[in-house]
Amino acid sequence: MDNSEPFNITILSEMVDFPITDLTSMARAIRTLGERLVPNSAAKSAKITEKLSLPSILSLLQYGNDDLSDATSTLIQRLLEPLPVSVILSQFKDWINEGLTSESDQLKALALSVWVNREHDINSLQLILNTYGTQLLDCIANTESPKVAQLAIKPFVASANDESTLSIILSPPTIDSIHKLFSRGAIVKTRVLDLLIQMASVSKSTYLKLKESNLFSNIDSCIDSDDLLLKLNTLEILVSASGSHLGKSFLDDFNFQQKIWNNLENHPTNMTPESLESLCYCAELKFIAQSWKLYPVDNELSTLIIKKLEYSLQDKFNNDIKEAAVYSYGIIGGTPAGMIALNKQKTSLRKFVRFSRSTVDRLKVECLRTFALMMGSKKSPSDESSELIESLIALYNLLAENGNMPGEFVKLAQNPIEPIKIASYDFLFNLSSYHWGIKELVDSSVFMKFLFNRSLDSTYLGMKMKYKIVGTILANHDKPSPILDEKLIEQFKNYLSQGEFYSESVPEVATQNL
């Protein structure tokens, strides 16, 4: 960026009260000025800019020193922070435009960060799109920095929920520019797809307008691309979107579930771990599982999907694929319909439980999370059908085949590895929400000793989860008929009255010699 105004080192030295002899001390001085602006005000910023103008501060970026550049960028952002967005956009228009069109990603990021993350009204968004729309698309496409691309996407997403600003984005020249970007390489295509998905996720009406403008016409070619990196990035974006209304809309309008299923069927078995082929397979499995939550699958496809998960646990597949299959079991089994479907294919569920017993490390954790999700598939009282209860009892009985339930999860809840501890407590907590589950718990001497002895796992997480479990048991034990006797009910009530973090006092033992 061209800055004609030189920087006055003498003034800077006087302001920080220490000598500036090199770029390191200069960076320290600039950082010191930035720290004085926390918290910031217009008066504080004015004191600095009265002595050091913004153009002169910007000139420090030309040194190419990372430490100095970072300090300078932070200072500029803090100096402009008290100014309204409208003032920044009008008074610094030339500087912003110069930054957005610069070849330097650092200057692009700086020119964006001073205003992109601020609150915008409709007028400022209209001004941004009309003034910088072309430059923002250029920043999305022509940068090596993911940060710059995401900053440039934000104004479009912020504008997506207002008809007046969305109409600017959906003008023929902008639509044409977006379509042209899909002719670029995999990275640019991925960024443009990410832009469209983020905008469409704002609301159903925004999605429909983008669809009517034919802006999703290139997704098919991305999913079916021979470029595995593009295919993988597309799948990951679709997986992330599948948790919103957008996922169901895509399934309804574009039949992505069937298309991705067809691709899933065409992979070789000897995929190298962490290869693009393997990662695509994993993403496809996850998308199919996520789509289960959004859209009912027919019985035939349901059977095929569960068989594919079972198939993906075989030894010939690498651990990335096995982990994706376990994750997918959890996503599907975490819904009432999915848990019932898994139970109908008892062989598959049995094989999964047996598979879990031989796992270690990340796979072990993922299996425990999956069991917790399955046990928590009841999201509301209306979900508690006899078919679901039958399915959950079947799962519990499979886990109990080694004769140590719920003691196995009690032991795992005391594991010092936090993900194992969390998943195990989640399983026990979810189990305590069922009448039959409460009976299993209170009939276990191992569980009851663990629950009431607060010294057994006195970690923050342990104490909170035990307290939650006690409250859940007390709330559900008498539906439909009482399980706890009066003495036990009193013990549970006493536990709750003592609070989450109650600690029994232990008498001190006298050690003084007599």
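Let me start with S113, which is found in helix α8, residues 105-113, where helices are DSSP runs of H or I with at least four residues, numbered from the N terminus. S113 is buried, with a relative accessible area of 13%, and buried here means under 20%, with exposed being over 50% and partly exposed in between, using a 1.4 Å probe and protein chains only. Leaving aside its neighbours within four places in sequence, S113 is in contact with Q77 and L151, contact meaning heavy atoms within 4.5 Å.

Please keep in mind that this is a predicted model, in which local features need pLDDT of at least 70 and side-chain atom pairs count only at pLDDT 80 or more, while totals for chains, interfaces and linings use all residues. Residues are numbered from 1 along each chain as its sequence is written, and side-chain values use heavy atoms, with hydrogens and water left out.

Now to the helix pairs. The axes of α9, residues 122-141, and α13, residues 186-200, come within 9 Å and cross at roughly 130°; axes are lines fitted to C-alpha atoms, for helices over the stretch in contact, and angles run from 0 to 180 degrees between N-to-C directions. These two helices are therefore oblique to each other, since angles under 35 degrees count as roughly parallel, over 145 as roughly antiparallel, 65 to 115 as roughly perpendicular and the rest as oblique. On the α9 side L137, I140 and A141 take part, and they meet V188, R191 and L195 in α13.

The axes of α23, residues 346-357, and α24, residues 361-375, come within 10 Å and cross at roughly 140°, and therefore this pair is oblique as well.
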